[in-house]
Amino acid sequence: MLQARVKLIVTGDDFGYCPKRNQGIVECFLAGAVSNVSLLVNGSAAPDAAQLARRHNIPIGLHANLSEGSPVSKALKKNSSLLNKDGFFHGKMGFRTVLAKGLLKMSEVKQELTAQVDLFRELTGHVPHHMDGHQHVHVLPEVRRVFAQVLEEYGIKYTRVPIEPGLHSCAWIEPPLMDFYLGVEKDSLDTVDVFTRHGIRWADIYIGLSTMGKSMSVSNIQSAIDTAVAASATKENSLMTQFSPQHQQSRTVTIELMVHPGYPTIPPVGGCGEGPDDFSQSWERLHELQTLMNPELQSYYKTRNIQLCAFKDL
């Protein structure tokens with residue numbers, strides 16, 4: 001049996017959303033509970049987040065946002081297919097609806113993604129180490145191709161492909177949410193070829209749908225990692241039986257765990273231009289923070305010889 005060496009990237013999403021989110025993510029990083037962050041450049045506290053990342057040497061990537069708040073591109077702030085009648089992005093489900101109706105201009109999607117990368121570079125002083133999509137918009141039809149073009153043009157090597165092993169057997173996920181997750185999974189499977197053709201890479205395994213918000217617990221994270229590593233080992237064993245035992249012992253598996261820790265946002269502060277959403281104000285953010293900082297989880301990483309790292313370390 002292959003003995004996998006596990007490198008775990010724990011990515012704190014929505015960095016820059018509000019001061020409370022920034023505070024929680026930084027505390028997690030300093031405690032060794034988060035190893036990588038993803039910045040919302042249209043978040044109300046993005047400049048502060050960039051400064052914190054610089055001060056604490058936090059590995060940082062871009063959380064490209066096309067669904068919540070206001071665009072970064074000045075040219076798209078009025079009369080854009082990306083905006084609803086109130087002048088904001090269409091929302092998580094609204095974006096998908098408008099896309100399905102063929103009402104989004106991909107030229108404007110590219111314009112906004114480019115503006116966000118440029119602003120990220122302005123805030124941090126470098127191109128993102130990785131780039132993913134807020135609310136998984138980057139794996140949607142048509143958007144995935146434009147997203148891949150932007151990454152290739154800027155030389156951004158890594159992204160996220162949210163296909164989670166064992167997701168279908170997670171009975172605690174409520175049906176409406178599971179339907180959304182299965183849609184994300186299908187879109188992700190359809191995205192693999194596109195990203196591969198553009199030379200984009202991602203972690204071997206993604207985890208984060210089954211452990212989000214109230215679903216997060218030490219045991220759920222442990223179970224998700226164990227399931228993922230076991231599935232990977234089975235796959236590798238079938239592929240590598242022709243290699244020598246020495247070669248088989250050297251396998252490294254990279255896992256990205258997507259997390260959303262922080263302290264609850266207090267309105268009207270926060271958000272991406274239209275105030276904070278319900279999830280950001282809920283107890284679930286604090287619950288994630290406390291779970292990730294639980295000594296039992298840290299002990300599990302040590303026992304399993306799991307090394308926390310960032311995309312820039314791969």
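Q: Hi! Which residue in S2 is the bridge partner of Thr-11?
A: That would be Asn-36, in this predicted model.

Q: Nice. And in what sense do S1 and S2 pair, parallel or antiparallel?
A: Parallel: strand S1, residues 5-15, pairs with S2 over three bridges.

Q: What about the two faces of strand S2, are they covered or open?
A: Both faces are covered. On one side sit Asn-36 and Ser-38, on the other Val-37 and Leu-39, and all of these residues are buried.

Q: OK, zooming out. How many helices and strands does the protein chain have?
A: Eleven helices and nine strands.

Q: And how much of the chain is buried?
A: Buried residues are 56% of the 314 in the protein chain.

Q: Why does the radius of gyration agree with a compact globule?
A: Because a compact globule of 314 residues would have a value near 20 Å, and the protein chain comes out at 19 Å. As for extent, the C-alpha trace spans about 60 × 40 × 40 Å along its principal axes.

Q: Switching to the surface: what is the accessible area?
A: About 13,500 Å² for the protein chain, with 53% of that belonging to carbon and sulfur atoms.

Q: Last one, how many positive and negative side chains are there?
A: There are 30 positive and 32 negative ones, and the centres of the two sets lie 4 Å apart.

Key: Residues are numbered from 1 along each chain as its sequence is written. This is a predicted model: local features need pLDDT of at least 70, side-chain atom pairs count only at pLDDT 80 or more; totals for chains, interfaces and linings use all residues. Side-chain values use heavy atoms; hydrogens and water are left out. Helices (H or I, at least four residues) and strands (E, at least two) are DSSP runs, numbered from the N terminus. The radius of gyration is taken over C-alpha atoms; the globule rule is 2.2 Å times the number of residues to the power 0.38. Buried means under 20% relative accessible area, exposed over 50%, partly exposed in between (1.4 Å probe, protein chains only). Accessible areas come from the Shrake-Rupley method with a 1.4 Å probe; for residues, only the protein chains shown count as cover. Lys and Arg count as positive and Asp and Glu as negative; His and the chain ends are not counted. The place of a charge is taken as NZ of Lys, CZ of Arg, CG of Asp or CD of Glu. Two strands pair if DSSP finds at least two bridges between them.
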